[in-house]
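Here is a short briefing on a two-chain model. Look over the sequence and the structure, then read on.

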Amino acid sequence: MTSNAAAMEPAESYLRHGRGLRSWILTFDHKRIAIMYLSAILACVLLGGVFALLLRLNLWNPSGGLVSNDVYNKLFTLHGAVMIFLFVIPGIPAALGNFVVPLQLGARDVAFPRVNLLSFWLFAGGAIFFVATLVVGGIDTGWTLYPPYSLEESRGLGILLALTGVFLLGFSSILTGVNFIATIHRMRAPGMGWFDLPLFLWALYATGIIQIVATPVLGITVALGFLERVFHLGLFMPEYGGDPVLFQHFFWFYSHPAVYIMILPAMGIVSEVVSVFSRKPIFGYRFIAMSSIAIAVIGFLVWGHHMFVSGQSAWASVIFSFLTLLVAIPSAIKTFNWLATLYKGAIVLATPMIYVLTFFAIFGVGGLTGLFLGTLATDVPLHDTYFVVAHFHFVMVGAVMTAFLAGLHYWWPKMTGRLYDERIGSVSAWVTFVGFCLTFIPQFFAGVAGMPRRYATYASQFTVHNRVSTVGAFILASGLVVALYGLVASLRSGRRAPANPWGAASLEWTAASPPVLHNFAEDPRGVRPYDYTGLRHVSDEAGWVREGAR
Amino acid sequence: MSGGGSTPYLAVQFRDMEAQTETGKLGVWLFLGSEILFFGGLFTAYSVYRANHIELFRYAHFFLDWRLGAFNTFVLLTSSLSAAWAVRCAQLGQRRGLRLTLVVTFLLAAVFLVVKYFEYSHKLHNGIAWGAACHPSAEILASLPDTARALPVPVHLGTFFSIYYLMTGLHGVHVLVGMGLFAWLLRRLPTFGPDHWGAVDGVALYWHLVDLVWIFLFPLFYLI
């Protein structure tokens, strides 16, 4: 890229460069692809959220009654499947990551822009198959799709559509992982070493490893499920000589590492936000970076803890239990480094920071209750109770969604060029937190007392737990609606964002808000992403400027 | 958007052709890593069923002709040579050599699939299908060696053939995709030269993986 070619281009933001539908749906620009992902993913959250509210309403009374038991089963299946495959797995990497990765690297785009677009359309295709599942009457197998139940003839067409959808989504996820890893390896700005990478990129790098190594196993598993159902291969179905536990091994070989596909990018966002809004360099940079890689690696060796009661050997269970507890070490390393970053920091309670502070509380509880489930002896009685439901909602909803919202607010000015309203943002963060706690804390107690998951009805002694939970779910939903309102309203009435509204030091904040088509007016050199010396707040209009810079 | 001194094949996100070629190669390697795990699921299924039902695997291998497998192994290994040669031709700008090696690779892939087609159709004709649909015909049972004929037909013989069709079938699909890729390279032939050969290299790497998978499939099904 020559400087005169860049100079002749009008400094036009990526949002204005090219108009019309085609300039979006066929774009190779990582920023536009990110916006398309974001829109699609938010639509999916809405769908999954409506399912969740219907479930909670049905659980208001012990005998259910709002919907039939059959519909309830379908609702919780699609709630889980939509939220996991269409929101928590792709949410942070595909929507926020796509936008931020090249900008943080000082690159003009990801390594393979066409593959990036293909990845988006595979995602859209997968999402359409999921919706089609709904049209043909839904599935009632639970999101885990365990055979033999899921592959019986009587399940109908829905299961085949769902398996196809998962296959496409998996392919999309692999391509995103390939793209990010290649981009982080090869597209760093001159002078940017591995340990000058923002920690969000370390997190996405670790995520990419899991996407590339684990997801193909899910792909082959759902492909085999599909073929088993159509051709009766005898791999998973006992009646044809197959082994249903083999499916469980395959499924969790992907789906446990997949929870790290969900949480690692969330941890990456937390690392960025906690440092910027403490106005302090991140504490223990290398430990946080390496703990991401450690989680990615150990995460591959723990899948058997989902199968403690599936009839795997006792020895296997003991080893899986031990390995599972190992994951707590890198997770704790991260948490303590974040807390040490807060210590003596000049904490700014902007919306992203409030979300991150609630993340600490939620992730703390979610992580520690995970120890109960990873420990063989305590898992057996807790298995398939609401304790498990509460635990994974703490991690997947509480932690991942909270970090997603933190990141969305944090990078929103960069994505749209507008500042959201801080009052609306902080109200949304607190309401979401209160609603979340009310929804899921009672479920821990119900679970310990023995309430089983996945039933449309329950014993009457759990009425109070469930009613508090239902009220909480609506508070949580209203918090999210407020957040969405604040963001959307800013598009019309928000103040124009300066290049660096937060005083952050990583490279994306040196690009215009919103950035131009190929991101930077000139290819930047690498910077220290957490070095705040010399950054000065000039004015609300001009934002923060580094002294000595232009 | 081409800057001064760069070729028309340089994409905007790269600083120079070397960066583009190297990044492309890394992307292909990562994708191939993912492919190995994709096949890995099937190799695991093979191992699990072999460990649990060794008698099935002993019996079933009588139905596979190692001579056809060996012939196909030879065909694929040769095609890997011509694919590697194609990369060399592209790097040296030998366009005629590139065309020749790509055509040879394409044809060898086709030969492989033709042999596979005859194997499949012979089996299916004799009732050796997958899973519950596997009912060997009397003729093919009669053609087995004496040691095999003395044994009863295992109940779930079809599970072995499910794995056989899945693994060789998935491999076959990859061969088909490879043929498509070689055809695509032939169409883009005039663009390749000493500073633009990344695509040839990427396809060749893919082809070596396809070859490598077969190197494992051949002994697992035909020899042991």
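A hairpin links β3(A) to β4(A) through three residues. Helices (H or I, at least four residues) and strands (E, at least two) are DSSP runs, numbered from the N terminus. The model is predicted: local features need pLDDT of at least 70, side-chain atom pairs count only at pLDDT 80 or more, and totals for chains, interfaces and linings use all residues. Residues are numbered from 1 along each chain as its sequence is written, while chains are lettered from A and ligands numbered from 1 in the order in which they are written.

**The hairpin in chain A**
- Strand β3 of chain A covers residues 535–539, and strand β4 of chain A covers residues 543–546.
- The two strands run antiparallel and are joined by four bridges; strands pair if DSSP finds at least two bridges between them.
- H537(A) has W544(A) as its bridge partner in β4(A).

**Chain A as a whole**
- Chain A holds 17 helices and four strands.
- Its radius of gyration is 23 Å, close to the 24 Å that the globule rule gives for 550 residues, so chain A is as compact as a globular protein of that length. The radius is taken over C-alpha atoms, and the rule is 2.2 Å times the number of residues to the power 0.38.
- The C-alpha trace of chain A spans about 70 × 45 × 45 Å along its principal axes.
- Of the 550 residues in chain A, 57% are buried. Buried means that 20 or more other C-beta atoms, placed from the backbone, lie within 10 Å of the residue's own.
- Among contacts in chain A with a separation of 6 or more, 83% are between residues 24 or more positions apart. Two residues are in contact if their C-beta atoms, placed from the backbone, lie within 7 Å.

**Chain B as a whole**
- Chain B has eight helices and zero strands.
- Its C-alpha trace spans about 75 × 30 × 25 Å along the principal axes.
- Buried residues are 38% of the 224 residues in chain B.
- Of the contacts in chain B between residues at least 6 apart in sequence, 76% join residues at least 24 apart.

**Where the chains meet**
- The contact takes 34 residues from chain A and 31 residues from chain B.
- On the chain B side, α1 (17–52) and α7 (157–187) each supply at least two residues.
- α1(B) gives the largest share of that side, 17 residues.
- The chain B side divides into 15 nonpolar, 14 polar and two charged residues. Nonpolar covers Ala, Val, Leu, Ile, Met, Phe, Trp, Tyr, Cys and Pro; charged covers Asp, Glu, Lys and Arg; the others, Gly among them, count as polar.

Conventions
A residue is buried if 20 or more other C-beta atoms lie within 10 Å of its own, exposed if 12 or fewer, and partly exposed in between; C-beta atoms are placed from the backbone.
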